[in-house]
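User: I have a structure open and would like to go through it with you. Can we start with the charged pairs?
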Amino acid sequence: MERVVPPSMRFKAITLGEYRKAYLESINRIEDFWSREARSLVWEREWTLTREGSGPSTRWFVGGVLSPYKNVILRHRDTSAWSKTAILYVDENGDGTALTYSDLDALATRVSCGLLRLGLKRGEWVAVYSPPNVESFAFMLGAMRAGLPFEPIFTGFSPAEMARRVVSRGARALFVSPRYLRRGKLVDLLSTGKVYLERLSEKGVKVIVGDSGGGYSGFTGFSELVSTGCDSAVEAVESTHPLFGLHSGYVDDFKPITHPTGGFLVQAWATSRWIGMRPRDTVFCTVWPGWITGVTYQLFGPLMLGSTLLLYDGAPDWPNWGRWLDIVDSYAVTLFITTSSAVRIMSRQDPALFYGKNDTLRGVIVTAEPLEPEYWRWAYNTIGSLPYPIIDSNPGRGGSIPVLNMFIQSEVGTFFTGNLINYTFTHIEPGSAGPPFPGFHVDIVDETGNPIRGRIGRLVIRQPWPSIPIEAPEDFQRAWSRGYYDTGDLALINSEGYIFPTGRGDAVMKVSGYRLSPGALERAAVSAGAEWALALPLKDPERLEAPVLFYYGEAGEEVLVKAVREGVGPIAAPVRVVRVARKPTSHVPREVLAPISRRGDLDAVIGLLESQKN
């Protein structure tokens, strides 16, 4: 097995023995471990019980009271960070703005006041449907200040799917960015989604529209929302109060999960420090809120640590795939977080797009899905190769800084495997997602629940983590049926304890790191005239997986693709649509069909489906 210690980490790396000692101590005394981390936060009242309950019903820091807004923003008020840049915003044209922590606090306070004037009360949900920009981040922070849990919704989902999630959450208010540029063209979200926004408004949802393009009849403009301040207090809530939520992809649909305030903030604070964030860093995360990496390591982590957060509201390939590295170069980014799919695509581009644009980088983190060894090597030798020597590195040739693959899941809330730049950094093993983080009791088991090493099994977490969801669907409860949490992912753990993820172990699709529900695609196809539909994953060389839609009925392929794009979103559009000759009378189990489809044997899938005769 290849072992790599980047030159920049040569004097920080620890041995596997030192790592194992720290890791075993953390999981053997897990309550003490997370209590120590929790004491770094600002509590209005300390918890009386570190952990209560078991399995999916576990609750952490019971009895504790804290203000999420104080722990994200106000903790910096009497420090040097207050006057430094909190957010650097850049749009696709290269235009942008900068807000200090003081500026951001003033804007978020006005958002909070505006939401209270609209009649919202502590504990009521709000939602955000927007690319990353100053207004959307101020909206989420303002909601946090007022004690309002929020759900960000990725704009790659359609307005129809957005509206479904707003209703599912029972959200009382929704922020929408009306227009934005993508690849030089204006996306008019207000026009394409207006009918859904009007329906939500009729249901009593307060629709707040961003200011790009002017005011909108029937909705509240963002400038109107923040027009006046107020004397409202910063809300402090119980540790188990809902902080934010997402709709996570399960086999039959996207379903809501909710993270608790105390446990999530502890995990976000700790893991953000461990992965390398510092007050003097500039962090650029290409994963948007709407996905857990974007929530934790855009909105929360950098701001909690007093870092500068760079928000880019634009396409990654406009005018070419060197855009992200141009941003790294222009704004002196020190920590770059992106996805495996992006790395695969960039590796196929002209190498000249990437060289000499990364001299400020300290680390690159890749997430959302497996990162194959050949793509890790490309990223290490290209993005991770600095133009000046470090220790014994060769400038511009070979790696200089760590390029790290880390594993995350919406239900866990943070990364939980990977090499930690600011904590337990051991050697890198290409193709792996590193060893488990301290505090997360990770294992690989076979189908009977027995631990296995050196072969692929199910990735599980044996003990509850602080940000375990306080609201989750029955699917999440069932994942605990054997006394541990089955993530649904497959992986291998080697003799040194490194995790090598291989993909999902069920029929849920992992498309460019996005966990998509096959049931949602099938629902859209049936609504467009298919008598029967089945969505399965197909291995994809760039996106890991892509959807394939099998159906029976008279509807045409283009009609069904359009229905999925409009009913779920462009990110879920099937790459293949296959009509079967007869309608199956009963489903062959998805667990049987998904592995066959993943390896590309669609004829075998068709044969099994058509063997189910009327």
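Analyst: A salt bridge here is a side-chain nitrogen of Lys or Arg within 4 Å of a carboxyl oxygen of Asp or Glu. By that rule the side chains of Arg-165 and Glu-161 meet in a salt bridge, at 2.8 Å from N to O. Keep in mind that this is a predicted model.

User: Where do Arg-165 and Glu-161 sit relative to one another?
Analyst: Both belong to helix H6, residues 159-169, and being 4 residues apart they are separated by about one helical turn.

User: Buried or exposed, Arg-165? And Glu-161?
Analyst: Arg-165 is buried, with a relative accessible area of 3%. Glu-161 is also buried, at 0%.

User: Why would such side chains pair up at all?
Analyst: In general, side chains of opposite charge can pair when their charged atoms come close.

User: What else does Glu-161 pair with?
Analyst: Glu-161 forms a salt bridge with Arg-523, where the closest N and O atoms are 3.6 Å apart. One salt bridge is found across the interface of domain 2 and domain 3. By class, the side of domain 2 that touches domain 3 has 3 nonpolar, 2 polar and 2 charged residues.

User: Back up. What are the domains?
Analyst: The domain assignment gives domain 1 as 1-67 + 237-311 + 322-505, domain 2 as 101-235 and domain 3 as 509-611.

User: How many residues touch between domain 2 and domain 3?
Analyst: 7 residues of domain 2 are in contact with 10 residues of domain 3. Together the two domains bury about 590 Å², and 58% of that is on carbon and sulfur atoms. The centres of domain 2 and domain 3, taken over C-alpha atoms, are 33 Å apart.

User: How many polar contacts cross there?
Analyst: The rule finds 3 residue pairs in polar contact across the interface of domain 2 and domain 3, counting pairs with both residues at pLDDT 80 or more.

User: How many salt bridges are there in the whole structure?
Analyst: The search finds 41. One of them joins Lys-70 and Glu-44, with the closest N and O atoms 3.0 Å apart. That pair links distant parts of the chain, 26 residues apart: Lys-70 is in helix H3 (residues 68-72), and Glu-44 is in the loop between helix H2 (30-38) and strand E1 (49-52).

User: How accessible are Lys-70 and Glu-44?
Analyst: Lys-70 counts as partly exposed at 26% relative accessibility, and Glu-44 counts as partly exposed at 42%.

User: What about Glu-372 and Arg-344?
Analyst: Their side chains meet in a salt bridge, at 3.0 Å from N to O. Glu-372 lies in the loop between strand E19 (363-367) and H13, while Arg-344 lies in helix H12, so the pair ties together parts that are 28 residues apart in sequence. Glu-372 is partly exposed, with a relative accessible area of 23%. Arg-344 is buried, at 1%.

User: You mentioned H13. Which of its residues are buried?
Analyst: H13 covers residues 373-382, and Tyr-375, Trp-376, Trp-378, Ala-379, Tyr-380 and Thr-382 are buried in it.

User: What covers them?
Analyst: The cover includes helix H12 (340-346) and strand E20 (403-405). Helix H12 is also where Arg-344, the partner of Glu-372, is found.

User: New topic: the backbone. Where is there a cis peptide bond?
Analyst: Trp-318 and Pro-319 are joined by one, with omega about 0 degrees. Pro-319 is in the loop between strand E17 (308-313) and helix H11 (323-330).

User: Why point that out?
Analyst: Because most peptide bonds are trans. Likewise, most residues other than glycine have a negative phi.

User: What is phi for Phe-61?
Analyst: Phi of Phe-61 is near 55 degrees, a positive value in a residue other than glycine. Phe-61 lies in strand E2, residues 59-62, and counts as buried at 0% relative accessibility.

User: And what is phi for Ser-512?
Analyst: Ser-512 has a positive phi of about 50 degrees, although it is not a glycine. Ser-512 lies in the loop between strand E27 (509-511) and strand E28 (514-516).

User: Why does Ser-512 count as buried at 17%?
Analyst: Because buried means under 20% relative accessible area, and Ser-512 is at 17%.

Key:
Residues numbered from 1 in each chain as written. Predicted model: local features only at pLDDT ≥ 70, side-chain atom pairs only at ≥ 80, totals over all residues. Heavy atoms only, no water. Domains from an automatic or database assignment. Contact = heavy atoms within 4.5 Å. Buried area = accessible area lost by both parts, 1.4 Å probe. Polar contact = N/O pair within 3.5 Å; in protein donor to acceptor, adjacent residues only side chain to side chain. Nonpolar A, V, L, I, M, F, W, Y, C, P; charged D, E, K, R; others polar. Buried < 20%, exposed > 50% of the residue type's maximum accessible area, 1.4 Å probe, protein only. Helix = DSSP H or I, 4+ residues; strand = E, 2+ residues; numbered from the N terminus.
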